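Colleague: Hi! I've just opened this one and could use a guided tour. Could you show me what we're looking at?

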Amino acid sequence: MFFVPQSTLHGEGKTGDCLRACVASIIELPIENVPHFALHQNWLRLLQSWAFDTHNVHVVYLSLLPKSTPYTDEFTLWIASGISRRGTRHAVVYKGNRMIWDPHPDKTGLVEVDHAILFVKHFTL
């Protein structure tokens, strides 16, 4: 995994690219090679199409109950999203049940995780 920082912060009319930085970190790409999905209303569909078309990976998006995380082993990388300490929606990288990367410069993570994005490699039998 790469630790890719955000290139755009939220504020002053700008949409931050934390999701883009998290995707780049997990897939191990420079941030400029990952689209800024959050600029679009249909960001999830665009992320799903891009991940499958370019990396043969399915994207699974889960809404989580309060104080829960998706069941993963201790080695699985996934994107957690929720509200940051700054009061904005934010995304960070988890490994198992702990945060390992916050692409924002303050590195404070999330107050609570309410959604998860998992990447599942496509295979055929």
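Colleague: Which strands does α2 lie across?

Modeller: α2 lies across β1 and β5, and its direction runs at about 155° to that of β1. Do keep in mind that this is a predicted model.

Colleague: Noted! And how do the axes of α1 and α2 cross?

Modeller: Helix α1 covers residues 18-27 and helix α2 covers residues 43-55; their axes come within 13 Å and cross at roughly 20°. That makes α1 roughly parallel to α2, because angles under 35 degrees count that way. The crossing of the two is right-handed.

Colleague: Which residues make the contact?

Modeller: On the α1 side you'll find L19, V23 and I27, and they meet W43, L47, W50 and H55 of α2. Sorted by class, the contact of α1 with α2 has six nonpolar residues, one polar residue and no charged ones.

Colleague: Nice. Let's switch to the sheet. In what order do the strands come?

Modeller: The order is β1-β5-β2-β3-β4, in an open sheet of five strands with antiparallel pairing. At the edges sit β1 (57-63) and β4 (98-101), each pairing on one side only. On average, neighbouring strands are turned by 40° against each other, direction ignored.

Colleague: And which strands does α1 touch?

Modeller: α1 packs on the sheet and touches β2 (77-84), β3, β4 and β5 (110-121). Its direction makes about 15° with that of β3.

Colleague: Is α1 mostly buried or exposed, then?

Modeller: Buried: that goes for 10 of the 10 residues of α1, so the helix is largely enclosed by the rest of the structure. The buried residues include C18, R20, S25 and I26. Among the elements covering them are α2, β2, β3, β4 and β5.

Colleague: What comes just after α1?

Modeller: E28, which takes a positive phi of about 65°. For context, most residues other than glycine have a negative phi.

Colleague: Where else does a positive phi turn up in a residue that is not a glycine?

Modeller: E12 has one, of about 50°. That residue lies in the segment before α1, and E12 is exposed, with a relative accessible area of 84%. K107 also has a positive phi, near 55°. You'll find K107 in the loop between β4 and β5, and it is partly exposed, at 38% relative accessible area.

Colleague: Back to the strands. How many bridges join β2 to β5?

Modeller: Six, and the two strands run antiparallel.

Colleague: How buried is β2 itself?

Modeller: Six of the eight residues of β2 are buried, so this strand is largely enclosed by the rest of the structure.

Colleague: What about β3 and β4, how do they pair?

Modeller: Strand β3 (residues 89-95) pairs with β4 in the antiparallel sense over three bridges. K95 stands opposite R98 in β4. These strands form a hairpin with two residues between them, and G96 in the turn has a positive phi of about 65°.

Colleague: Is P103 buried or exposed?

Modeller: P103 counts as buried, because its relative accessibility is 1% and the cut-off for buried is under 20%.

Colleague: What is P103 in contact with?

Modeller: Leaving aside neighbours within four places in sequence, P103 is in contact with V4, P5, Q6, C18, A21, C22, H90, A91 and V92. Of these, C18, A21 and C22 are also among the buried residues of α1.

Colleague: And how far is P103 from H40?

Modeller: Their C-alpha atoms are separated by 20 Å, and the two residues are 63 residues apart along the chain.

Colleague: Great, thanks for the tour!

Technical notes
Residues are numbered from 1 along each chain as its sequence is written. This is a predicted model: local features need pLDDT of at least 70, side-chain atom pairs count only at pLDDT 80 or more; totals for chains, interfaces and linings use all residues. Side-chain values use heavy atoms; hydrogens and water are left out. Axes are lines fitted to C-alpha atoms, for helices over the stretch in contact, and angles run from 0 to 180 degrees between N-to-C directions. Helices (H or I, at least four residues) and strands (E, at least two) are DSSP runs, numbered from the N terminus. Angles under 35 degrees count as roughly parallel, over 145 as roughly antiparallel, 65 to 115 as roughly perpendicular and the rest as oblique. A crossing is left-handed if the near helix is turned anticlockwise from the far one by less than a right angle, and right-handed if clockwise. Contact means heavy atoms within 4.5 Å. Ala, Val, Leu, Ile, Met, Phe, Trp, Tyr, Cys and Pro count as nonpolar, Asp, Glu, Lys and Arg as charged, and the others, Gly among them, as polar. Two strands pair if DSSP finds at least two bridges between them. Buried means under 20% relative accessible area, exposed over 50%, partly exposed in between (1.4 Å probe, protein chains only).
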